[in-house]
Amino acid sequence: MSPLLARRGAVAGAGPDAGVAWHYGDPTAEQRALARGGAVVDQSHLGVVRVAGPDRLTWLHSITTAQLADLAPRTSAELLVLSPHGHLEHHAAVVDDGAATWLITETPVALAAWLNRMRFTLRVEVEDVTDAWAAIGEPVGAEGGPDEPVTWRDPWPAVVEGGTRYGPPAAEHPGADRAWRLVLVPRGDLAAAVAAREAAGWPLAGTWAAEALRVEAWRPRAAREADHRTIPHELDWLRTAVHLHKGCYRGQETVARVHNLGRPPRRLVFLHLDGSGHLLPEPGALVHEPTDVPGEPGRQVGRVTSVARHHELGPVALAVVKRSTPLDAVLVVACEGGAVTAGQEAVVPGEGVSTDRPAPRGPLARGLGVHPAL
């Protein structure tokens with residue numbers, strides 16, 4: 001439990017945000033301050049795994065989706081660990097300080113255990129240091145400097161070298177104006193580090209504020225948007241966490257096949273929820289197509305993954321739906337006490353094709369057409 005939960009007005013978070021404050025009594029004001037670029041968020045519920053040893057970067061490069069072999073100190077990246085079938089198992093924010101690689105993750109115990117099983121004879125040391133280090137979130141779009149603590153800057157929604165996108169280009173993306181980074185501080189210094197930012201004029205904000213801005217930016221989160229069937233293409237996560245042209249890693253065949261052929265089975269959508277009835281769905285709520293039969297739900301097409309009350313947009317959500325769901329369909333989301341309608345914006349387009357998918361060969365097989373030289 002974070003010591004900041006003892007603050008007056010603090011309301012504890014739940015689910016993957018348990019252990020830190022959901023808000024401190026005025027969630028709308030906290031969210032506005034964070035959106036303006038002047039607030040600090042307690043993210044000490046996140047886990048931290050430290051990987052040391054001279055082989056650490058080439059080793060992590062070989063077993064995850066990211067290009068890490070030549071990662072420069074104080075340069076941020078992110079990685080995914082996939083199953084042999086390409087399904088998402090772990091996500092981590094990555095930054096190297098020149099002596100060790102730091103992984104900020106929501107699954108520190110399981111990730112550290114898996115990494116230790118994969119060491120073999122390489123010169124690496126893996127340690128879950130969550131008890132010693134805590135993360136602070138701040139709306140800053142800059143890498144950590146030489147005199148700053150270990151800092152990870154969120155690259156979303158840029159398309160990193162070797163990546164690709166399904167949604168709009170970075171400059172036109174809803175997340176283009178969202179600056180976000182995580183700063184690691186000794187856990188015993190958490191309260192003092194937050195107090196120093198408050199003294200500079202930054203109020204303390206809860207996860208209500210941070211999550212609302214994340215949802216607005218269409219930024220996937222493993223603890224919310226992913227399940228046992230998730231592949232990165234469904235969440236547009238090839239932008240920042242997958243290198244398509246590096247060597248083999250577990251799950252690469254699925255990544256390459258879906259990228260080349262297109263049509264991932266599901267797609268992420270951004271939902272504008274009808275707020276007129278004051279009903280708000282919970283994460284996991286079923287999403288249906290509408291029906292002409294009163295009181296009867298239509299075809300189930302997916303589930304809500306994240307829900308937020310945005311200070312300008314009102315109630316919004318992210319959901320994962322079947323790829324075949326019509327893009328112009330007004331969806332129906334189940335809530336306790338009734339249901340709400342929702343307009344959708346496609347994060348991943350319905351055709352499921354990335355911007356750089358290889359062009360089709362055409363109607364003729366190789367060798368059956370006219371030779372160019374003839």
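Which residues lie nearest the centre of the largest cavity? They are Gln43, Leu46, Trp180, Arg214 and Arg221, out of 23 residues in the lining. This is a predicted model, in which local features need pLDDT of at least 70, side-chain atom pairs count only at pLDDT 80 or more, and totals for chains, interfaces and linings use all residues. Residues are numbered from 1 along each chain as its sequence is written, and side-chain values use heavy atoms, with hydrogens and water left out.

**Cavity**
- On a 1 Å grid over the protein atoms alone, a cavity is a set of points where a 1.4 Å probe fits but cannot get out, and lining residues have an atom within 4 Å of a point.
- One cavity of 30 Å³ or more is counted.
- Strand 6 (88-96), strand 7 (100-105) and helix 5 (207-216) each give two or more residues to its lining; helices (H or I, at least four residues) and strands (E, at least two) are DSSP runs numbered from the N terminus.
- Helix 5 provides the largest share of this lining, four residues.

**Largest pocket**
- A pocket is an open set of points with protein on both sides within 12 Å along at least five of seven lines.
- The largest pocket has about 530 Å³ of space, and Trp22, Arg224, Glu282, Pro283 and Val307 are the closest to its centre among 19 lining residues.
- Strand 15 (300-310) supplies at least two lining residues, as does helix 5; the largest share, four residues, is from strand 15.

**Second largest pocket**
- Its volume is about 360 Å³.
- Of its 18 lining residues, Gln67, Leu71, Ala77, Val160 and Glu161 are closest to the centre.
- Strand 5 (residues 76-82) gives the most to this lining, three residues.

How values were computed. Points joined across faces, edges and corners; volume = space filled by probe spheres on them.
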